[in-house]
Amino acid sequence: MIRRRIYLDHAATTPLLPSVAKVIIRHLDFFGNPSSKHHYGRKAQSLLDNARKNLAELVNARPDQIIFTSGGTESNNIVTQGYRYIIASAIEHSSLLHAATKNRVVPVTRSGQVNLKKYLQIITKARNQKQTLVSIQLANNEIGCLQNIKSLVRKAHQQNLKFHTDATQALGKVPIDVQQLDVDFMTLSAHKIGAPAGIGALYIKDPRGFKSTTKGGHQESNLRPGTENLLGAVAFGEAAKFAKYALRHYETTTKKLKFKLQKSLQKKIPHLKVNTPKNSLPNILNISFTAAEGESILLMLDKKRIAVSTGSACATKEIKPSHVLTAINLNPELSHNSIRFSIGLTTTAADIRRTVRATCKIVRKLRRMSTVKIKKYYRAISLHKILLPHELSQKITAFWLNKPLANPTHKEAK
Amino acid sequence: MTTPWAYSPIVKQHFFHPKNVLYESESEFLHNAKGRAGNTRCGDEMIILLQVENNRIKKIKWKTYGCASAIASTSMLSEVVKGMTLDDAYKVTPKQVAEKLGGLPPNKQHCSDMGDEALRNAIDNYRPNQMV
């Protein structure tokens, strides 16, 4: 019996929503340049306007504040190219981190939150600098942590600095209100909410006051010249319409599934560390499994028809592990052993149960093969489980498991 | 049809069905040579244990913490050197192991290097009269 595939990598990209697929098929035959004045052009323009309106409604913006781009990366680049200095957090997407100015990277805490003290120091130094932009993501793609953007924006505005947020992961998973957040720019991406890749958007609070560095035609209010990706925009608009209703699903069902996944893994597999903090997206769970390498877990899960992601360097072309896990001060071993599970609208409780069973078997097998000894470590904490009340022993276990494991056979295990 | 893996079918075979793995603890396998290479901080570590008799590798067992390449490389290396004399085993190169595996991605070549290092380490640490 061939089992159906389980996709738990929705943070990487999402399957096309059925309603989005229908809209794309319906408009496949249509052609028209929105800049043309005849019937075809007018129809194309109205489709574009409708898509823009749907997306603007999702984030409580005006339609004229939304411009379509080719994706989140282009949106990030359009904003950052307009500024000489970029202040960014240490866990930003690489398209922003590469643009960040040296010495203006804000460190984060172990739970992925921006270090407020350092943030205030850096933005105070940059006070009134018109060429400086602050960019902090709303939610992180690897560990799912959420930032308190409203407060960070307020502090940046007090120093007379513009604020950009990358909301690529957060869109459709948590409510976003650009008026409430008061951000100056926001990056949005379609393929994380059930629309195809190759289309994104940029929210600009004050479109008239923004000068794009890209030269060309007058499309998108002169802010992003080039003939619009009409089919992509229509698909994005449709996905945005659906996302308003899907928010409820994420708040309830997805959160429960993530909780179930976390608790089941914690119950069945000893010596794991949950890297996702409590204040996080409802669909992302990042866990490190001691003594079992990330790429090996990923490939073995893939053989069992379960797709996940890893922060291990081995799974990418990089030499170092994920910069996000390094920034939250996770020791390198645990970074190499991390797996990201990202749940989607199509994930079921049965998928979670099957994933837990498969992960347990795989981690057990890899640990038996591993050079890393965890038996001594386990023996050291097992006694208190017998002798002490359950709640107290749980606290001690949590304390041990959260300690950086430089070497599990280390003297601390004694 | 999906794109084939970056790894060769032989690497896949040795990764999913590795040969000569020591699943139990080291103390449960009688050995008179032990070698280690790599570092868990870098993401790959290997231990090779040899049972040598009359200067020939009678049995070989290994443990590996690492990616698919690391596991497959150690598995293939263990199959290659089993039954060899210590001198012949010492001459086995990482390139030979990588070739037997059908090649490794460029960023994974170090896995075959590490296996070779662990084996040579084990041979250097060989104690003829000390079976542990």
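A word on conventions: residues are numbered from 1 along each chain as its sequence is written, and chains are lettered from A in the order in which they are written. Because the model is predicted, local features need pLDDT of at least 70 and side-chain atom pairs count only at pLDDT 80 or more, while totals for chains, interfaces and linings use all residues, and side-chain values use heavy atoms, with hydrogens and water left out.

Let me start with the interface. Taking contact as heavy atoms within 4.5 Å, chain B brings 28 residues and chain A brings 25 residues. The area buried between them is about 2200 Å², and carbon and sulfur atoms give 57% of that; buried area here is the accessible area, with a 1.4 Å probe, that two parts lose on being put together, summed over both. On the chain B side, B:Tyr23, B:Arg41 and B:Tyr65 supply 30% of the area that chain B buries against chain A, more than any other three residues.

How many salt bridges does the rule find across this interface? The rule, a side-chain nitrogen of Lys or Arg within 4 Å of a carboxyl oxygen of Asp or Glu, finds zero between chain B and chain A. The side of chain B that touches chain A divides into 16 nonpolar, six polar and six charged residues, where Ala, Val, Leu, Ile, Met, Phe, Trp, Tyr, Cys and Pro count as nonpolar, Asp, Glu, Lys and Arg as charged, and the others, Gly among them, as polar.

Over all chains, the structure holds 15 salt bridges. One of them joins A:Glu57 to A:Lys53, whose closest N and O atoms are 3.9 Å apart.

Turning to open space, the second largest pocket has a volume of about 950 Å³. A pocket is an open set of points on a 1 Å grid over the protein atoms alone, with protein on both sides within 12 Å along at least five of seven lines; a cavity is a set where a 1.4 Å probe fits but cannot get out, and lining residues have an atom within 4 Å of a point. Volume is the space filled by probe spheres set on the points, which are joined across faces, edges and corners.

Of the 41 residues lining this pocket, A:His93, A:Ser94, A:Asn141, A:Glu142 and A:His323 are the closest to its centre. Its lining divides into ten nonpolar, 24 polar and seven charged residues.

Finally, the largest cavity has a volume of about 30 Å³, and its lining includes A:Glu293 and B:Tyr65.
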